[in-house]
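Notebook open, viewer open. I want to go through this one place by place and jot down what I look up.

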Amino acid sequence: FLELVRDFVLFESDGARTSKVMAKYHQVHAVGAAVESVAAAMGGDRRGGLVWHTQGAGKSYTMVFFVNKLRRDPRFANPTVVAVTDRTDLDNQLAETFSRTHFASAVQQAEEITGGARSLHELLNVPAGGVVFTTIQKFAPAHDSGDMPVLSERQNVVVIADEAHRSQYATFAENITLALPNATRIGFTGTPVESADRSTRLVFGDYISIYRMRQA
């Protein structure tokens, strides 16, 4: 019960109104399993696993609860969390969800690839902490002909991929690996893909939590 109060209750504000949000059972289960899976993966192949929750199950809130618990856990030593999407509207939506909670001061959104104070390269050049939101397209070399640089070699960087069945393959996935070689990756999706050239499980690891339409 104390864990539920501490880790799974959020106060969300839109400026005029504050609401109290509490996790549902599938979110509590997924977050607990995800934290343990990521902790184990940090010392292994860095594939933290896959959360497969049906559309409408509250994946954005699940990510907030996950980051909340992750940052409280001393095993991660104040991690830097990198939330990756493949569309600007999703990037904005997820960043806004976090910004309405107590994470507002930690939220940082990459505006460009390199060069500015809020570029992806600069936001990841930190000793610890922070919740960075970016589209996967920003994991790219500074110049078209250059190689993807290493942005952080720290072990306690956790990459969260929203809609993990899309875009997390080939060059994009390789660029993340090159930029954050010691980061642990975890995926959230409502529709995982298993095909000859695209496998969500191959990229992120085994399923951590499954909550399908029938259960919902």
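This is a predicted model: local features need pLDDT of at least 70, side-chain atom pairs count only at pLDDT 80 or more; totals for chains, interfaces and linings use all residues.

Started at Gln 93, which I found in helix 4; helices here are DSSP runs of H or I with at least four residues, strands are runs of E with at least two, and both are numbered from the N terminus. Gln 93 comes out as partly exposed because its relative accessibility is 45%. For the record, buried means under 20% relative accessible area, exposed means over 50%, and partly exposed lies in between, with a 1.4 Å probe and protein chains only. I also took the C-alpha separation from Gln 93 to Ser 60, and it is 9.0 Å for 33 residues along the chain.

Numbering runs from 1 along each chain as its sequence is written, and side-chain values use heavy atoms, with hydrogens and water left out.

**Pocket**

Gln 93 and Ser 60 both turn up in the lining of the largest pocket, along with Gln 55, Gly 56, Gly 58, Lys 59, Met 63, Leu 90, Leu 94, Asp 162 and Glu 163. A pocket, on a 1 Å grid over the protein atoms alone, is an open set of points where a 1.4 Å probe fits, with protein on both sides within 12 Å along at least five of seven lines; lining residues have an atom within 4 Å of a point. Its volume is about 180 Å³, taken as the space filled by probe spheres set on the points, which are joined across faces, edges and corners. Which helices supply at least two lining residues each? Helix 3 (59-72) and helix 4 (88-99) do. By class I get 3 nonpolar, 5 polar and 3 charged residues in the lining, where Asp, Glu, Lys and Arg are charged, Ala, Val, Leu, Ile, Met, Phe, Trp, Tyr, Cys and Pro are nonpolar, and the others, Gly among them, are polar.

**Cores**

Next, the largest nonpolar core: 33 residues, with Phe 66, Val 67, Phe 98, Phe 133, Ile 160 and Ile 186 having the most contacts inside it. A nonpolar core is a set of buried Ala, Val, Leu, Ile, Met, Phe, Trp, Tyr and Cys residues joined through side-chain atoms within 4.5 Å. Elements that each supply at least two residues of this core include helix 2 (25-41), strand 4 (80-85) and strand 6 (131-135). Helix 3 gives the largest share, 6 residues. There is also a second, separate core of 17 residues, with Ala 110, Leu 124, Val 132 and Val 157 among them.

I clicked on Ile 160 and listed its contacts (heavy atoms within 4.5 Å). Leaving out residues up to four places away in sequence, Ile 160 touches Met 63, Phe 66, Val 67, Val 81, Val 82, Ala 83, Val 84, Ile 186 and Phe 188.

**Strand 8**

Why is strand 8 called largely enclosed by the rest of the structure? Because 6 of its 6 residues are buried. Thr 184, Ile 186 and Phe 188 point one way, Arg 185, Gly 187 and Thr 189 the other, and all are buried. Strand 8 runs parallel to strand 3, joined by 5 bridges; two strands pair if DSSP finds at least two bridges between them. Trp 52 has Thr 189 as its bridge partner there. Strand 7 is also parallel to strand 8, over 5 bridges, and Asp 162 stands opposite Phe 188.

**Loops and turns**

Thr 54 sits in the loop between strand 3 (47-53) and helix 3 and counts as buried at 8% relative accessibility. Beyond four places in sequence, Thr 54 touches Lys 59, Tyr 211, Arg 212, Met 213 and Ala 216.

Then I looked for positive phi. Most residues other than glycine have a negative phi. Arg 46, in the loop between helix 2 and strand 3, has a positive phi near 65°. Asn 78, in the loop between helix 3 and strand 4, has a positive phi near 55°. Gly 15, in the hairpin of strand 1 and strand 2, takes a positive phi near 105°. Those two strands pair in the antiparallel sense over 5 bridges.

Last stop: Glu 153, exposed at 59% relative accessibility. Glu 153 and Pro 181 are 28 residues apart in sequence but 6.1 Å apart, C-alpha to C-alpha.
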